[in-house]
Amino acid sequence: MTTTIPTQTAPDLTSDQLELQARARQFVEEVLIGLEQEAESADGRLPAETVAAIRRAAIDARLHGGRVPVGLGGQGWSMLEWFLVNEQFGRVTGGLHWHVPNVYNVWVDAAPEQVQRFVVPALRGEGGDAYAVTEAEAGSDPGGIASTAVATEAGWRINGEKWFVTSGDVARVLIVMANVADGAERLPTLFLVEPGAPGVEFVDDPKYTHNYPHGHPTIRFTDVEIGSDAVIGGVGNGEQLQRRWFTEERLGIATHGLGAMWRLLDETTDWALTRIQGGRRIMDYQGISFPLADSATDATLGRLLALHVCAMIDNGADPKLIHAKASMAKLFVSEAAGRCADRAVQAFGDAATCAATSPSASCASCESTASGRAPARSSG
């Protein structure tokens with residue numbers, strides 16, 4: 001396979017950063033990519049022993065807990081270093097990189113005892129966290145959150161229902177956004193709730209078109225009692241912490257999308273350089289080479305935008321401006337990745353589903369694509 005490590009669109013990298021990038025790529029290619037077909041055939045779920053092996057390999061490669069400070073058991077990466085690793089993670093299908101031990105960035109504001117109880121075990125691969133924020137009437141607008149937290153003599157009582165709690169089916173602890181009532185004022189706050197606590201109910205497990213390792217369940221909280229020590233970052237600070245989480249998640253979508261685009265370019269370029277139609281490589285037809293050039297341009301522009309956001313974070317820019325630029329990166333790359341995938345499918349034609357996968361074989365769809373004409377049907 002063509003080796004694409006796109007360092008040309010990045011700022012000058014140190015030898016340590018180049019080594020980190022290469023280490024992440026080696027982990028993806030030697031540990032994860034070989035498991036793609038097995039995971040796909042099993043709806044994204046791998047055997048427990050395989051998952052444990054992935055976690056051990058990630059820890060041995062020092063790829064776990066990337067942005068978590070060293071003092072909390074993580075790697076303490078800059079945002080640029082985090083980008084270099086996550087771009088490689090994006091090259092593997094099915095989200096298999098989710099098995100790499102990690103936690104959300106809100107734990108930076110956690111109390112020491114909270115870190116010892118939940119973060120340290122998570123980075124050892126002993127169960128992670130899940131962020132419970134979205135509701136029926138509150139998605140990208142957290143101001144619509146209806147979940148409540150009422151103070152009690154022992155701590156807090158949580159009520160509400162959260163949708164699309166990614167990894168909620170496997171998490172050891174849920175990070176729940178709820179509003180504390182202070183007179184007429186609502187104070188958004190993050191609470192730690194263990195999934196097995198009385199009153200926590202998993203009411204739905206919606207299916208998705210993707211096959212990822214973890215689910216996105218709907219979880220209902222009915223009079224869930226938690227202690228006074230179950231708040232992260234103080235009462236009323238949830239929205240600020242959540243914005244930082246949103247920023248990293250949106251930049252992460254962009255970064256993973258870039259990895260997917262480089263993988264698509266690698267695979268399609270290799271195919272186009274070896275597939276012969278009409279006595280010529282299909283790369284020699286403009287109907288193939290021009291769309292590949294468009295995809296390379298999309299990937300390069302998306303990479304520059306994402307790297308710009310990383311630099312803003314590392315240089316301490318205005319968080320609101322960073323959040324806006326991270327949203328731009330997510331939007332551009334996610335749409336560009338879709339265009340890149342569509343072009344790749346057209347270049348392969350029916351090769352993914354028909355027997356015409358050798359340079360000497362042919363079918364009508366592949367021939368029409370190679371000659372620069374759109375195929376009548378493309379199911380690859």
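## Two helices side by side

Helix α6 (residues 238–274) and helix α7 (residues 286–314) have axes that come within 10 Å and cross at roughly 155°. That angle makes α6 roughly antiparallel to α7 (the term applies over 145 degrees). Axes here are lines fitted to C-alpha atoms over the stretch in contact, with angles from 0 to 180 degrees between N-to-C directions. The crossing of α6 and α7 is left-handed: the near helix is turned anticlockwise from the far one by less than a right angle.

The contact of α6 with α7 holds 14 nonpolar, 6 polar and 2 charged residues.

## Basis of the model

This is a predicted model, where local features need pLDDT of at least 70 and side-chain atom pairs count only at pLDDT 80 or more, while totals for chains, interfaces and linings use all residues. Residues are numbered from 1 along each chain as its sequence is written, and side-chain values use heavy atoms, leaving out hydrogens and water.

I282 sits in the loop between β10 (280–281) and α7. I282 counts as buried because its relative accessibility is 2% (buried means under 20% relative accessible area, with a 1.4 Å probe and protein chains only). T269 lies 13 residues from I282 in sequence. Their C-alpha atoms are 9.9 Å apart.

## The whole chain

The chain has 9 helices and 10 strands (DSSP runs: H or I of at least four residues for helices, E of at least two for strands). Of its 380 residues, 47% are buried. The accessible surface is about 17400 Å², and carbon and sulfur atoms account for 52% of it.

Notes:
Buried means under 20% relative accessible area, exposed over 50%, partly exposed in between (1.4 Å probe, protein chains only). Accessible areas come from the Shrake-Rupley method with a 1.4 Å probe; for residues, only the protein chains shown count as cover. Angles under 35 degrees count as roughly parallel, over 145 as roughly antiparallel, 65 to 115 as roughly perpendicular and the rest as oblique. Ala, Val, Leu, Ile, Met, Phe, Trp, Tyr, Cys and Pro count as nonpolar, Asp, Glu, Lys and Arg as charged, and the others, Gly among them, as polar.
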